[in-house]
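Subject: Structure for you to look at

Hello,

Here is the structure I said I would pass on. Please open it first, then read the notes below it.

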Amino acid sequence: MYRYQDIRLEIPPEVFHPGFFFSTQFLLQYIEKMPLHDKKFLEPGFGSGLISIVAAKKGARVTATDINPVAVEFFTKNCRYNQVNPQIIESDLFKNLPKESYDIIAINPPYYKKNPVTAGDYAWFCGVNGEYFSALFDSLDDYIHPNTEILMVLFDGCDMEMITGFAAAKNFTLNCVLSKKNLLEKNTIFKIEKTK
């Protein structure tokens, strides 16, 4: 069990735990300060679902996707317990998501360059050649409008040259909006924007 403010989550071992890793809470603290009421909010790869539940409680119209069926099962149960009703879709990134634009897209991606084997691995591994980031930037245009805020948290061990390369190939840039260092790593929130 995990608690965040008035939210209670049951998190199985196969799902990325927001209490053990700094990135989820760092991104969440940034998002909580945004005006969320009545915003169309998308979280691809929701994991524990904490960010999506907080956004829903603040009045956002939330759509959340994850490739891991265990994450989907527990998130569905946790949403009922926390009395929120986001749209939940089992999907590899955008594959099962109808094309429509969102006001806010929040991404806490897998970082490590290794091929995922199990469903739980997708929370950690982006593929040996960064296939996750390639797919992300290939499809992102289909889910944004000119004022969409796309936020992604990365840590200082990421292959930034690879990620920014995939972004640039689709006319996106990553602009740092906030960085924070703890004992283990430095996390940075980037705003992803169309190249002018």
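The buried residues of helix α2 are L50, I51, S52, I53, V54, A55 and A56. Buried here means under 20% relative accessible area, exposed means over 50%, and partly exposed is in between, with a 1.4 Å probe and protein chains only. Helices (H or I, at least four residues) and strands (E, at least two) are DSSP runs, numbered from the N terminus. Helix α2 covers residues 50–57, and seven of its eight residues are buried, so the rest of the structure largely encloses this helix. After α2 comes G59, which has a positive phi, near 95°.

Some background on the numbers. This is a predicted model, in which local features need pLDDT of at least 70 and side-chain atom pairs count only at pLDDT 80 or more, while totals for chains, interfaces and linings use all residues. Residues are numbered from 1 along each chain as its sequence is written, and side-chain values use heavy atoms, with hydrogens and water left out.

Next, the core. A nonpolar core is a set of buried Ala, Val, Leu, Ile, Met, Phe, Trp, Tyr and Cys residues joined through side-chain atoms within 4.5 Å. The largest one has 62 residues, and those touching the most other members are F41, F133, L136, F137 and M152. Strand β7 (residues 144–155) supplies the largest share of this core, seven residues. Contact means heavy atoms within 4.5 Å. Leaving aside neighbours within four places in sequence, F41 has contacts that include I51, S52 and A55.

Which residues does N82 contact, leaving aside its neighbours within four places in sequence? They are D6, I7, R8, L9, I53 and K57. N82 lies in the loop between α3 (69–81) and β5 (87–90), and N82 is buried at 4% relative accessible area.

Last, the salt bridges: a side-chain nitrogen of Lys or Arg within 4 Å of a carboxyl oxygen of Asp or Glu. By this rule there are ten. One of them joins D6 and K57, with the closest N and O atoms 4.0 Å apart. This pair links distant parts of the chain, 51 residues apart: D6 is in the loop between β1 (2–4) and β2 (7–9), and K57 is in helix α2. D6 is exposed at 55% relative accessibility, whereas K57 is partly exposed at 38%. Another salt bridge joins K113 and D159, at 2.7 Å between the closest N and O atoms.

Regards
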